Each structure stands twice: as C-alpha cells, then as structure tokens.
Amino acid sequence: MSDFFRRPFPPETLLHPYKKHTHKHTHTSGVPLTMKPQQKKQPLGSLFKSNFASGLVVFLVALPLCLGIALASGAPPLSGVLAGIVGGIVIGSLSTSHISVSGPAAGLAAIILAAITELGSFELFLCAGLIAGAIQLLLGFIRAGSLAEYIPVSVIEGMLAGIGVIIIMKQIPFALGSNGSLADPAALFADIHAGSLLVAGVSMAILIVWDKIPALKNIKALPAALVAVGAGILMNQWFVASGSSLAIPAGQLVQLPVPDTWREAAAMLTLPNFSGFGNSYVWMTGITIAIVASIETLLCIEAADRLDTHRRITDTNRELRAQGAGNIVSSLIGGLPITSVVVRSSANANAGATHKLSAVIHGVLLLVCVLAIPFILNMIPLSTLAAVLLLVGYKLAKPTTLLHFWHKGLYQFISFAATLAAVVALDLLKGVGIGLAISIIFILQGNMKRAYYLSREELAEADEISLELAEEVSFLNKAAIKKTLKNIRPGSKVTINAERSSYIAGDVLELIEDFANVFAKENDIDVVLKGFKSDYDHEGRDHHSHVRVGHSASI
C-alpha cells in the first residue's frame, strides 16, 4: 500500500510555470555540446541570389491566399494583398526569424467578419487593427513572448478547428455562386449559379489531386492554389468568349481598383475612421485580435524555428514588437491584421530560404503585382478562392484532429470539443475563455484527487504507511491529504516524508501538525515526520521542522 504514496507527482497537475535554464554551453549529461561555428555574414547580392527563388514561391502561394482571406473576412480584396505586402516588407525586415513569413491569416477571418458585420464599416474596423498592433508592441516590451506556452494545446486546437468550421460555413455560398446563406438553406440552394459551382468543383479537384501526387506536389514554383486560380480564370474566360450561360457575373469576381496614375494608386488606400476609438466594441475586437494573433504568431515561430536548417532561435519578444509595428502600418493603409503564417513559412523553408530577405522579396513581388497587373487579378472568380478556403478550413477542422483528442482522453477531448463548439456558437474570445476554464477545472480536480488520496477500504489492512510529499505541495492538495489521513485506522504507523519538498503550503503544514498533535494522539497513531523545514517561503533558512509534535513522533 505504501507504494501508492511513492508514485511521482502527476506532471499534469503541476501549476507552476516552467522555468527555462539560462546556463550556456552545458548539457545535463555532463558531455560538452558541440557548438556550430557562427555563420559568416553574406553580402546582400549573394543573399538576394540565394533567396529570390524561395521569395518567388512564397509570393505564388500567398497571392491567392491574401485574396481569399480578404473574401472570408468580408473585407475589400485589396486589404488582403496590402496585409501581405506589409507582412513581407515591414515585418520581414524587423523580425529575427529567417524562415517565418507573415501576412493575413485564416485564423483571424471569423473575428474580422463578425466585427465588420457588427460595425457596418471597414474603416471603423481598422481602428481595432491599430489597437491590436499597439497591444502587441506592449506585449513585446514587457517580454510576454512565452504567452502561448500557458494555453493548453487542446484549447488552441479547438480554437483553430472552430475557425475552420466558420470558414467552411461562410465560403459555401461563394462556392455555389449564391447570394444566400446557410441560415436560410432554401434561399441558398434556390440561387445557385452553375458556372460558379463548376469552377469551384474543378478548383477543389485540382487542389486535392495536386496534393496527392508527389511529382506535382514537389514542383515548388507551381503551388496548387495558383494552378487552381489559373484554371478558374481560364474556365470563366472560355465561358465568356463562347457566350455560355455559365459565364460568371462581374459581381462574383475579384474587384480590385485599377489605377492609371500614382495619384490614383494612392487613393486606393482606405484610411481608418478614428471615431472608432470611441466604440467599446472596437476596443474589444482589438484586444481579441491582439491575443489570437500573438498566440498564432508564437506558435508559428516555434514551428518555423524547427524548419530552419541552421536551427537559429527567434527572439519572440522582438517578434511581437515586429508584428505590432506591422499591424499598425497595415491598419493605417487599409490592410487586414497580420500574423506569422504556417503555410507561407513552410513553403519558404521547403523552397530553400536561408535568410529573411526571402520574406521581403515576396512582399515586394505582391506590391509589383498590385500596381502592374490588377486587371488579371480581377478575372479571378470568387468561387475559385472559396475552393481554396474550403480546403484551408477542412485542414483546420479535419476529423482526424477530433479523433486525436478523443484518443488522448476524456479531459483533453472535452476541452477541445467545448472550445470548438463555443467558438462556432458564440465568438472566438468566449470560446477560448470557456476552453481555458474547463482545462483549469480539470487541473484543479487532478491536483485535489490524484496526488495523495486513498479510501478507507484501501487503508483497511495497512499497518505502516509512508506518505512521500511531492516537490510542490499546494493548498490544492489539502483535501486529498486530509481525507487520506482521516482514513488511517487506529494503531497504525505513519511516516510523512518531506525531504523532496521545496515548497509546502501553510494550510497543509497546519493540517499535518493538527493530525500529529491531536488526531494521531487520540487514535494511537504513531507519526514520524522527516525533512520538514522551518520556512518554505524563503530559501536559505534553517531546515528544522516547522511542524511541532507533542508525542512520540520522530523528526
């Protein structure tokens, strides 16, 4: 029976934050680490030559996504491209990550769409982007770069899955070429445009087949999304040229302004309506975007660092400051909020990027594209972009993710499913809050029950019991310890060992003292206390026992 108390303290019940070691050039095994020599600084011309190809690939991946995410967000198409330009040039220049690429993210689309719908104005929404950028700057300066490490994976994945479901729901009408919505299925399916549906189906088939055939998937300079968009343009141009009824109307195509002069190009920019700062909903939206964008960025940076062949480590606090600056600039010129994006970053790494100049090149190419060939972009059917986004949404909310958390256990699954459902039914911030609350409840329950509790039946035959206290014994463990001590039968011998404990809460110390001096004495229980210190709140104090026992207990 005593083996039960010698089990390691369950790691999932630890509430104190993980502290990173700062020792340099050491290894826990005592074997010296082999350090890679510092890379020599390459001249700009050499960096440009070695990173242009990867920048071109990221540009080709990013262009349809920028337009598609703007569509999913209910924002002007140009706003998505402007966000991509700022993410490439501004954030790419300020960031210390050489692999990560920033731009508009699908994870923010649901928040942006809800905000624009509520406010009724994109110009008012831009104030929320300014607020989000300012908060990210503040988070960077107060060194909050480890923010994402304190949110359970089940909540983060539930949030992303919920966003995926929302994207799918919002893109179905565009794929059908209908002006209806899922809220009114009869109107939605009564207004289907056959040309849009056909283009969406062909585009989706290209995206799926391209991903299944390795020979096609490995063509880095020809991403599947670009092929699907190209096919959509060609199909609709053929419909138009042949006079077919399948021709997609202008209202279901991308609509970017086409400037003839530099003055007209400057007039394309949408400026914020600063009266939005007086709207409480704008502030709430800005805070929500700052939190979600920061978490998504930090998670992406962690993934990008693993993709870096040189294993360079990104300064996450500086990354938050770079993202904040980028979001402020983007909002000032009418762009969407920005995060570091996994899709672009992985494409960048796979294309052989070695320097952040690759991200800057992709931003410059987006700028050239908007200024030089907007008439080509205006040929893109919205149903093609909807197909791209439907696949993005599916990848965020694919059934295998649901099964993954089901197999990880009931507690993980409940947190994941509750977050997903709440994000879809309520909004993102409330969904994450509900998921966090459920996770915390499970953590508290685990701390209270799993660590030390034994029932009266389990202790019925035990004459000698050894209670090995964990390194951290908080007030959360008090209930379990109290019930276990209460269940010890008279005439037993109990050893409570605190030699491994660096901290024991005062409530627990008082409980043990009362047990040893009162309950144990009245029930003829022999208590042995080992390793208790006089003060657990300050290090360096004497190690005499803080618990005073008045009868035959050895200390």
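**Stop 1: the sheet**

Select strands S3, S5 and S7. In this predicted model, these 3 strands form an open sheet, in the order S3-S5-S7. The pairing is parallel. Strands of a sheet pair through backbone hydrogen bonds, either parallel or antiparallel.

Which strands are the edges? They are S3 (464-468) and S7 (526-530), and each pairs on one side only.

**Stop 2**

Select S3 with S5. The two run parallel and are joined by 5 bridges. Pick out Ser-466, then find Thr-495 of S5 opposite.

Move on to S5 (residues 493-497) with S7. Here, too, 5 bridges join a parallel pair. Click on Lys-493. Its bridge partner in S7 is Asp-526.

Stay with S3 for a moment. Why is S3 described as largely enclosed by the rest of the structure? Because 4 of its 5 residues are buried; a residue counts as buried under 20% relative accessible area.

**Stop 3: a helix pair**

Select residues 399-407 for helix H18 and 410-425 for helix H19. The two helices pack at an angle of about 145°. Their axes are 6 Å apart.

Show the side chains of the contact. H18 supplies Thr-401, Leu-402, Phe-405 and Trp-406. H19 supplies Gln-412, Phe-413 and Phe-416. What kinds of residues make up this contact of H18 with H19? There are 5 nonpolar, 2 polar and no charged.

**Stop 4: the largest nonpolar core**

In soluble globular proteins, nonpolar side chains tend to be buried together. Here the largest nonpolar core has 42 residues. Select Leu-108, Phe-122, Phe-125, Met-159, Leu-336 and Leu-428: these have the most contacts inside the core.

Which element gives the largest share? H5 does, with 8 residues.

**Stop 5**

Centre the view on Leu-336. Leave aside its neighbours within four places in sequence. The residues in contact with Leu-336 then include Ile-69, Ala-70, Ala-83, Pro-104, Ile-112 and Phe-122. Ser-73, Gly-80 and Asn-327 are also among its contacts.

Definitions and conventions: Residues numbered from 1 in each chain as written. Predicted model: local features only at pLDDT ≥ 70, side-chain atom pairs only at ≥ 80, totals over all residues. Heavy atoms only, no water. Pairing = 2+ DSSP bridges. Buried < 20%, exposed > 50% of the residue type's maximum accessible area, 1.4 Å probe, protein only. Axes fitted to C-alpha atoms, helices over the stretch in contact; angles between N-to-C directions. Contact = heavy atoms within 4.5 Å. Nonpolar A, V, L, I, M, F, W, Y, C, P; charged D, E, K, R; others polar. Core = buried A, V, L, I, M, F, W, Y, C linked by side-chain atoms within 4.5 Å.
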